[in-house]
Amino acid sequence: MNYVIDPPRQPAVAVLGAAAKFPVRRIFCVGRNYADHVREMGNDPKSEPPIFFTKPADAVVGDGGAIPYAVNTSNLHFEVELVLALGKGGAEIAPEQALEHVWGYAVGVDLTRRDRQAEAKKGGAPWDAAKAFDNSAPIGAITPVANGSHLSAGRIWLTVNGETKQEADLSDMIWSASEIIAHLSRSWTLQPGDLVFTGTPAGVGPLGPGDTVECGVEGLAPLRFTIAAR
Ligand code: MN
């Protein structure tokens, strides 16, 4: 096919132990999904359905990159998250079948312009400026699901310049991977190549130029990146 301008390149993520890459179609993200304190307070973390937002596919940045400090913010935050990489699409997926759609898992960071998000929340405005900007989705190599073994527990952590900022367990997630996929597939026909960022535990905070971020999920390839000058 001919195009009137050069077609965009296909965004893709490295796969552990493979030369071939995982092509990215869309990036879905879950809002708050860890709530120890909600349970401690005797409330039901599942009293409301999960909230979803998206990032463009070309927001992905691979392991080892230097990411320029984002424009249009003075409060760029890290949020470490488990990422699902879908290898099979579908709509109205039952939770019991949902994990069959997961091709692999990775650790990712949902970079956030916290100042723009605060404004959006206050004004009831969309989150795009807060979440869906260039280079806002650093992600480690995807670990393929081996022999049907899925992740439901394990340590998730993030350090900045060697100092631990976030540390939790995947079993603390309010909505499990299968529940997230089931919910998403009621609003979107999911497709192979879709990524799902599953929410972050407590401890989010700011980054600045010169900072080195290292993060991981037990059993998966870790992710490391630095923040460069704007
Ligand atoms: Mn997030």
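In which helix does D115 lie? In this predicted model, D115 belongs to helix 3, which covers residues 114-123.

## Surroundings of D115

D115 has a relative accessibility of 15% and therefore counts as buried, since the cut-off for burial is under 20%. Apart from neighbours within four places in sequence, D115 is in contact with T73, S74 and N75.

Six strands form an open sheet in the order 4-3-15-8-9-12, and their pairing is mixed. The edges are taken by strand 4 and strand 12 (143-144); each has a single partner strand, so one side of each lacks a neighbour in the sheet.

Within this sheet, strand 3 and strand 15 are paired in the parallel sense, with three bridges between them. C29 has F197, in strand 15, as its bridge partner.

## Helix 5 and its cover

Helix 5 spans residues 177-187 and is mostly covered, with eight of its eleven residues buried. The buried residues are A177, S178, I180, I181, A182, H183, L184 and S185.

Several elements contribute to this cover. Among them are strand 3 (27-30), strand 4 (52-55), strand 8 (80-86) and strand 9 (102-109), and the cover also includes helix 2 (95-98) and strand 15 (195-197).

## Aromatic pairs

The model contains four aromatic pairs. One of them joins F52 and W188 in an edge-to-face arrangement, with 6.2 Å centre to centre and 85° between the planes. F52 is part of strand 4, while W188 sits in the loop between helix 5 and strand 15, so the pair ties together parts that are 136 residues apart in sequence. W188 counts as partly exposed because its relative accessibility is 30%. Ring pairs also link F28, F52 and W188 into a cluster.

F53 and W127 form a tilted aromatic pair, at 5.5 Å centre to centre with 50° between the planes. This pair, too, links distant parts of the chain: F53 is in strand 4 and W127 in the loop between helix 3 and helix 4 (128-131), 74 residues apart. F53 is buried, with a relative accessible area of 10%, whereas W127, at 24% relative accessibility, counts as partly exposed.

## The largest pocket

The largest pocket has a volume of about 810 Å³. Its lining consists of 35 residues, and those nearest the centre are G31, R32, N33, Y34 and I174.

Helix 1 (36-40), helix 3 and strand 14 (163-169) each supply at least two residues of this lining. By class, the lining residues comprise 16 nonpolar, seven polar and twelve charged.

Key
Residues numbered from 1 in each chain as written. Predicted model: local features only at pLDDT ≥ 70, side-chain atom pairs only at ≥ 80, totals over all residues. Heavy atoms only, no water. Helix = DSSP H or I, 4+ residues; strand = E, 2+ residues; numbered from the N terminus. Buried < 20%, exposed > 50% of the residue type's maximum accessible area, 1.4 Å probe, protein only. Contact = heavy atoms within 4.5 Å. Pairing = 2+ DSSP bridges. 1 Å grid on protein atoms, 1.4 Å probe; cavity = no way out; pocket = protein on both sides within 12 Å on 5 of 7 lines; lining within 4 Å. Points joined across faces, edges and corners; volume = space filled by probe spheres on them. Nonpolar A, V, L, I, M, F, W, Y, C, P; charged D, E, K, R; others polar. Phe/Tyr/Trp six-rings, centres within 6.5 Å; stacked < 30°, edge-to-face > 60°.
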